[in-house]
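Please look at the sequence and structure first.

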Amino acid sequence: MLVLNCSTKLLILEKMLKCHFPESLKVYGAVMNINRGNPFQKEIVLDSWPDFKAVITRQQKATETDNLDHYTNAYAVFYKDVRAYQQLLEECDVINWDQCFQIQGLQSELYDVSKAVANSKQVDVKLTSSKAVCFPAVTPLPDTSSLMGTSLRLTYLNVADADLLNRTWSRGGNEQCLRYLANVISCFPSACLRDDERNPISWCLTDQFATVCHSYTLPEHRRKGYNQLVTLTLARKLQSRGFPCQGNVLDDNMAVTSLLKFIHVDFLPCRFHRLILTPASFSGQVHL
């Protein structure tokens, strides 16, 4: 195991990962954030350098986290050789198996290999798999004509909005998620449409892996094109900073799938996999 903390090597790694799109997108996003100030306090672990076969992003060891907070305790994975990834999992200092955490990646063997190691440590694994998408390099300008003559304002999220996002997110509704969302909002780009009282009515944000997530419009404001407006606004904001705009959509989320097709995103050949891992000692305490 090698922790890569040399700024020059991290920039080289960013370029190397770009050669392995789309499977490396999650790790690439995390590395880009590290190279641009590291607001989420991540670090990179590899099996070797420079000829690496597996790379994992994780929270810095010095960062104190809640053992129930699988939102923040998140790892992204890319490997050229799945056996190298398995060996990193089995090393004692790479993964903190004593807390709840998640693993994200875009490679098909990720679940089976992770589950095999987790079973040996009596850690439960829950898998969510969804379609992975990437926006075109030049995303169309958002159409703001629907805002003409209204008091609606296109802006961004702030930390005070975290409670609303926690209550409306299908994966939220708990203390850990609230804290995580507040941190993400303070660290990364977002887009938000606000009503005349400056309350959010439609929004999307970016997570620690530079992924567009939690795209949501309040029910009473749907079917007006607001989701498309905030999504394209955030996509262009990310692209203006040099980030690829990536995202995920559940297979049964037909509304978002239709929107993504309408704005001509690329549906990737690989799928997005999120594994939530829970040690036996925390069974029943984790919000999935």
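In this predicted model, the largest cavity holds about 80 Å³ of space. The count of cavities of 30 Å³ or more comes to one. The largest pocket holds about 1200 Å³.

**Cavity**
- Residues that line the largest cavity include Tyr71, Trp169, Arg171, Asp207, Cys213 and Arg274.
- By class, this lining divides into five nonpolar, three polar and three charged residues.

**Largest pocket**
- About 1200 Å³ of space lies in the largest pocket.
- The lining has 39 residues, and Ser215, Tyr216, Asn227, Asn253 and Val256 are the closest to the pocket centre.
- Elements that give two or more residues to this lining include strand 10 (211-217), helix 7 (226-240) and helix 8 (254-262).
- The lining of the largest pocket has 17 nonpolar, 16 polar and six charged residues.

**Second largest pocket**
- The second largest pocket has about 190 Å³ of space.
- Its lining has 14 residues, with Gln59, Gln60, Lys61, Asn96 and Gln99 the closest to the centre.
- Strand 3 (54-59) and strand 4 (74-79) each give two or more residues to this lining.
- Three nonpolar, eight polar and three charged residues make up the lining of the second largest pocket.

**Cysteines**
- The whole structure has zero disulfides.
- Cysteine 19 is in no disulfide, and the nearest cysteine sulfur, in cysteine 134, is 15 Å away.
- Cysteine 19 is exposed, at 66% relative accessible area.
- Cysteine 177 is buried, at 0% relative accessibility.
- The closest cysteine sulfur to that of cysteine 177 is in cysteine 213, 9.6 Å away, which is too far for a bond.

Technical notes
Residues numbered from 1 in each chain as written. Predicted model: local features only at pLDDT ≥ 70, side-chain atom pairs only at ≥ 80, totals over all residues. Heavy atoms only, no water. 1 Å grid on protein atoms, 1.4 Å probe; cavity = no way out; pocket = protein on both sides within 12 Å on 5 of 7 lines; lining within 4 Å. Points joined across faces, edges and corners; volume = space filled by probe spheres on them. Nonpolar A, V, L, I, M, F, W, Y, C, P; charged D, E, K, R; others polar. Disulfide = S-S within 2.5 Å. Buried < 20%, exposed > 50% of the residue type's maximum accessible area, 1.4 Å probe, protein only. Helix = DSSP H or I, 4+ residues; strand = E, 2+ residues; numbered from the N terminus.
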